[in-house]
Amino acid sequence: MSSGPAEQIYDALIVGAGPAGCAAAYDLAKAGKRVLLLDRRTFPRHKACACGLTRKTLKALRYSVDPIVERVCHEIVLQQQTDEPKHREVRVRTRNPICAMAVRETFDAFCLTQTLAAGAHLRHIHSIQTIHEMPDHVALTILTDQGPETLTAPILIGADGSNGQTRRLSQPEAHWYTRGFALEATVPYTDLPSPLPGGDNPQDLVFDFAPLPGGYGWLFPKGDHINIGVGAFAPEDVSHHDEESLKQVTRTLLNDYTQQKLGLIPTHITGQHLGMGGHNYTPQGRILLVGDAAGLVDPLTGEGIHSAIVSGQAAAAAILSPSNENIAAKYATQLRPLQDTLAFSHRAAKAFYKQPQRGFRAMRMPILRTLVLKTYADGLPHTALLGKLAAAVV
Ligand SMILES: Cc1cc2nc3c(=O)[nH]c(=O)nc-3n(C[C@H](O)[C@H](O)[C@H](O)COP(=O)(O)OP(=O)(O)OC[C@H]3O[C@@H](n4cnc5c(N)ncnc54)[C@H](O)[C@@H]3O)c2cc1C
């Protein structure tokens, strides 16, 4: 997929055409703005991601993604390490679907198609080389097949993910930024032994806090396969310091975990960092960071697609806002509700991952189970309930 005339004046340049970049581009293009998405990959492209789309994610999207949803889950299975088998598992079920399951490659290609249909343009680039912020515009030098080229626009949106260059070039001292790390593999249902050695049902959506501290293992059921993975998300001071906890997320860990749960070794493993710490991000100047580039993954659940979409839309709303504030201040205002939610998740993650057993004990209370499920599916509930939730997990 590629489109876009070479010589054109744009209202916004967006580096990265994942969920965050597409969400921003979609709203801007719909409002009649000239938008150029730049990506170094050609779509459809693989992206390591279990692509669980919670209710709040589906609600945030401007269009239905029903055509690419492979399964809907009404139940979550939470598992933990314990000597008491009857307390190993908590099942939380609702009448409405909690989470839709898609394959990330298909989801991203679908969102990009909607975004280009809305009027955004897309160019393939090799990399971005320099960013210069001027008083009234940003100059972005990109490297393409034809060599280096400088593009200018009043605003640059950095939507290039957890390892993207925009943040590194524009905010080299971004001390607020931290990272998680996760590995995943896919296993066709037809390869699975029956019954599964771990005792799981292949159709279950499982979050398993046993395989590692500061994160979890998962089984996400898709149309014809299970997405299995392990990831470390918890704030750094929970398990070890700094990025030490990420080193435990290895291929060996995922091989062992897949063997234990599904009775085989996966043939192909992929992984990526997750951008975190974004509840402390302060937008500056004419360069707005969104999604993983802004560290907006939820540190409790590892969920990032919702934040990517909401932050992309917040950046677009700031650009479209007629108020006289500067663009960074407008974006900060738009982003604040999401950052407040992530700040709560940060505190909850610190408490939960320090002693997951306590969290599990609390989950025996039906009211709390409902609350946790509602929070995961729909976002933070009414603020009066937050206190109860915090008191239960801390
Ligand atoms: C293993 C794993 C499982 C996950 N599971 C889930 C899940 O089930 N549900 C969920 O909500 N979240 C999940 N996440 C998190 C989720 O994948 C991310 O939060 C989400 O992809 C962030 O979207 P984004 O648009 O910010 O960045 P990305 O999706 O990473 O998109 C960034 C885009 O920028 C492009 N890019 C990067 N650098 C450059 C450059 N220099 N120049 C041009 N283009 C560039 C990339 O090619 C890419 O297309 C998971 C993450 C991992 C690693």
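This is a predicted model: local features need pLDDT of at least 70, side-chain atom pairs count only at pLDDT 80 or more; totals for chains, interfaces and linings use all residues.
User: How many residues surround the ligand?
Analyst: The shell around the ligand includes D39, G52, R104, Q165 and D292, which are the closest residues. Several elements each supply at least two residues of this shell, namely α1 (19-30), β2 (35-39), β15 (215-221), β17 (269-276) and α6 (305-320). The number of residues surrounding the ligand is 36.

User: How many residues of the shell around the ligand are nonpolar?
Analyst: By class, the shell has nine polar and nine charged residues. The nonpolar residues in the shell number 18.

User: What percentage of the ligand's exposed area does the protein bury?
Analyst: The backbone comes within reach of the ligand at several points: a polar backbone atom of A20 is 3.0 Å from a ligand oxygen atom, and a backbone N or O atom of R40 lies 3.2 Å from a ligand nitrogen atom. A backbone N or O atom of G304 lies 3.0 Å from a nitrogen atom of the ligand. Taken alone, the ligand exposes 1000 Å². Of that area, the protein buries 96%.

User: Why is strand β16 largely enclosed by the rest of the structure?
Analyst: A residue counts as buried when its relative accessible area is under 20%. Strand β16 (residues 225-232) is largely enclosed because its buried residues number eight of the eight.

User: Which residue is the bridge partner of A182 in β16?
Analyst: Strand β13 (residues 178-188) runs antiparallel to β16, and eight bridges join the two. Within β16, the partner of A182 is G231.

User: Which residue stands opposite N227 of β16?
Analyst: Strands β15 and β16 form a hairpin, with three residues between them. Their pairing is antiparallel and extends over seven bridges. The residue opposite N227 is F220.

User: Is T144 buried or exposed?
Analyst: T144 is found in strand β10 (residues 138-144). Leaving aside residues up to four places away in sequence, T144 touches R123, H124, I125 and H126. The threshold for a buried residue is under 20% relative accessible area. Because the relative accessible area of T144 is 5%, this residue is buried.

Terms used. Residues are numbered from 1 along each chain as its sequence is written. Side-chain values use heavy atoms; hydrogens and water are left out. A residue is near a molecule or strand if one of its heavy atoms lies within 4 Å of it. A polar contact is a pair of N or O atoms within 3.5 Å; within protein, one must be able to donate a hydrogen and the other to accept it, and residues adjacent in sequence count only if both atoms are side-chain atoms. Accessible areas come from the Shrake-Rupley method with a 1.4 Å probe; for residues, only the protein chains shown count as cover. Helices (H or I, at least four residues) and strands (E, at least two) are DSSP runs, numbered from the N terminus. Ala, Val, Leu, Ile, Met, Phe, Trp, Tyr, Cys and Pro count as nonpolar, Asp, Glu, Lys and Arg as charged, and the others, Gly among them, as polar. Buried means under 20% relative accessible area, exposed over 50%, partly exposed in between (1.4 Å probe, protein chains only). Two strands pair if DSSP finds at least two bridges between them. Contact means heavy atoms within 4.5 Å.
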